[in-house]
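Subject: Structure handover

Hi,

Here is the structure you were waiting for. My notes follow below it.

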Amino acid sequence: MRALIVDDEIHSRDELEALLLETGEFTILGKCSNALEALQAMKRERPDALFLDVQMPVINGFELLGMIDESLMPNVVFVTAYDEYALKAFEENTLDYLLKPVEKGRLAKTVRKLRRALNAGEKPVYSSQDIKKIPCVLSSRIKLISTAEVDYVRSNEAGVYVVCPTGEYFTDLTLKVLENKTNLVRCHKQYLVNIDRIDEIILHENMLAEIKTKSGRTIPVSRRHLKELRGKWNF
Amino acid sequence: MELLFRLIQAMSVFLVIAYLYCKSPWFRPLTTHSLRTRDRIYLYFFFSAVSILGTYLGIAIQDAIANTRAIGPVLAGIIGGPLLGTAVGLTGGLHRYSLGGFTAFSCGLSTTVEGMIGGLVHLYLKRTNKTDLVFDPKVAFTTTFFAEMIQMAIILIVSRPYLDALALVKVIAIPMILSSSLGTALFVSIGRDQKNMYERVAAISSAKAFKIAERTLNFLGSGINQKTAVDLAKIIHEETGVGAVAITDRDKVMAFIGHGSDHHTPGSSIVSSLTKAAIAENKVIFADGERERYICPLSATCPLNSVLVVPLHIDNDVIGTIKLYEPRNKQFLNMNKMLGEGITNLLSNQLLLSRYERQKNLLVQTELKLLQAQVNPHFLFNSLNTIISITRNNAMRARELLIHLSNFFRKNLKRGNDLSTLEEELDQVNSYLQIEKARFDDRLVIQMDIDPALLKLKIPTFTLQPLIENAIKHGISNMLGQGIAKISAYRNDGHALIEIEDNAGAFREADAGDGLGIKIVDKRIKALFGKDFGTAVYSVPDELTRVTIKIPLEGHVQ
């Protein structure tokens, strides 16, 4: 099985890697120390299994789960040092959870579960929480942008950009995830818009339209999505 | 000579009056320094009566009266001032004038003048700040002596025929001067004794009250229990000298000292209806032994006859009583009644205060315990997991960390004391940081800058640990980049400053109230060193949080 380990503590990553390798069942695709590294690695490596630490800086394990694109969703095993998170992990409907320090016997059980799920060949679907803050990558740090501040989100070949009054920021989240997990609304194949930030909608002939946001930017509305917007807004 | 004796005889009547007067409540105002108008009016009537009585008790001689009328006006003057002296003199004089005789006018006039002379002496004493001499018999004697001489002179000058007046003065001068002067002096002497007695009683009761207060206040810190109750009862018994003292709680006798202790035994239930009433109604109950008697419900031969029951209360809750008893053959002194009530009230206040203090301390202690307890489980888990992992590759390193972990918890347990040295605090903090450093690896950088002269500085135990933990747990552990924790201690402007800084800048004012422990640290420092010391937080969001601890330097740096 192709596994990815996500934990902010180096010794936890090393320990888990050693344990997984001992079982002889895993190829370790990588070890990530935070959520952003994990999102990138998942896009790149498309793992079968994700061993995810709950307690991490800035974006914790539960939040990360909500940011993973459904098409890339691996089988997720939560790893936590604290019992109190275990219940919550079940609510999130994960495959399994492990308590640190991880026991070999317990891990073997998890391996059997994973094997079974992979053999069944179903894409795992986990209910997860909405995204309140979108992690964006700046040159040296990570900026969290509250969804309420966002004007719109656009995507092109290079990636996905969050646009807000202060500027444009690159994010590793996909449009699909943002559409599902935030209150941003699709208005074009490549655009999501924040309804609360719309200043006006300019209607053109042949069922095309443009949206002007409160910070004065203009984005296109496609024919298909104009209908949906109309349905939502009754105009 | 016979005249002198008869005048002295008449004068003796005044001494009886003086004695009675001094025992009466009307005398009391004279023992204070300021006389009110009402007091002056009383004095006017009293001394006018004395003066007129002096005339009546006189002896008729040659159509005149040898008398001790002067005593009233002179005393009124000395005690009450010129106005009162003159008024009394005029009253006595007019009365004498109305009786007629060839000296009627001269005697009337001279009595008024004598009152004035007394008044002038009063003024003189007041001006020269010698008011304590008002009750000096020598002053009274001299003043009356002089005033009576003036009277004789006035009789000689004013009365006609002159020869009759001269003959009269020859007979009455010496007896009148001597007897009046002596009378005034003795009158004043009686007054002075009474006045001194009042003052002595006041001084004794104040001294007693202070002594009891001083002896009792110290050991009430822990509230009233069996032992403190006995000590307290002993002290009150010794200091007041009453027959017996008892202390009860709401249900039973806690201590009993003095007469009747053979059958009033500590630990027995309260049986006295007076005590029950005092507790139920939260009021002072007094059975003086005459109008109302204390009847011992336990023993027919109990010598106790009068009792004062004062409730001891905290806020409005009666928690017990203090009882003072006197036996049948002794009167319950008013002084002891006042002392009993005063001391009980004082103790009630003291109990309230000590309860408040105790609760305050308890609260801080509890908060501290909570803080200590809160930390450890998570820290312990994290540490063990780190060490488990390190054991795989580096057993020696793992061993070092286990020693640090052990040191950290030992210090946490051991420190029951209020104060520790900065060195001790840093030792524990260092163990903690070594483990966290291993856990976070290069995500945590520790910088220390400690003035070595401050290592012996005394600070409240468990001051640094919670603040460092905040910096790591709520700050650096939530950072994606490299976290820097700085600890510095230096001297500045006569005090010591200890700073704990992180570059996470996660501090938010709203969080500081609960769980961060900064407030408890601040509270404890202020409680120990005063409000000028404590913690201050400086924070720039996402850049830094710096907690500065200010501690006094004096006497702590070695």
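Start with helix H13 (residues 422-440) of chain B, which lies across E9 and strand E11 (483-492) of chain B. H13(B) runs at about 160 degrees to E9(B). Angles run from 0 to 180 degrees between N-to-C directions, with axes fitted to C-alpha atoms, for helices over the stretch in contact. Helices (H or I, at least four residues) and strands (E, at least two) are DSSP runs, numbered from the N terminus.

This is a predicted model: local features need pLDDT of at least 70, side-chain atom pairs count only at pLDDT 80 or more, and totals for chains, interfaces and linings use all residues. Residues are numbered from 1 along each chain as its sequence is written, while chains are lettered from A and ligands numbered from 1 in the order in which they are written.

Now the sheet. Five strands of chain B form an open sheet, in the order E9-E11-E12-E14-E13, with mixed pairing. Two strands pair if DSSP finds at least two bridges between them. E9 (444-450) and E13 of chain B each have a single partner strand, so one side of each has no neighbour in the sheet.

E13 (residues 534-540) and E14 (residues 544-552) of chain B run antiparallel, joined by seven bridges. They form a hairpin with three residues between them. Asp542(B) in the turn has a positive phi of about 65 degrees. Ser539(B) stands opposite Thr545(B) in E14(B).

Last, the chain contacts. 16 residues of chain A are in contact with 18 residues of chain B; contact means C-beta atoms, placed from the backbone, within 7 Å.

Best wishes

Key. Two residues are in contact if their C-beta atoms, placed from the backbone, lie within 7 Å.
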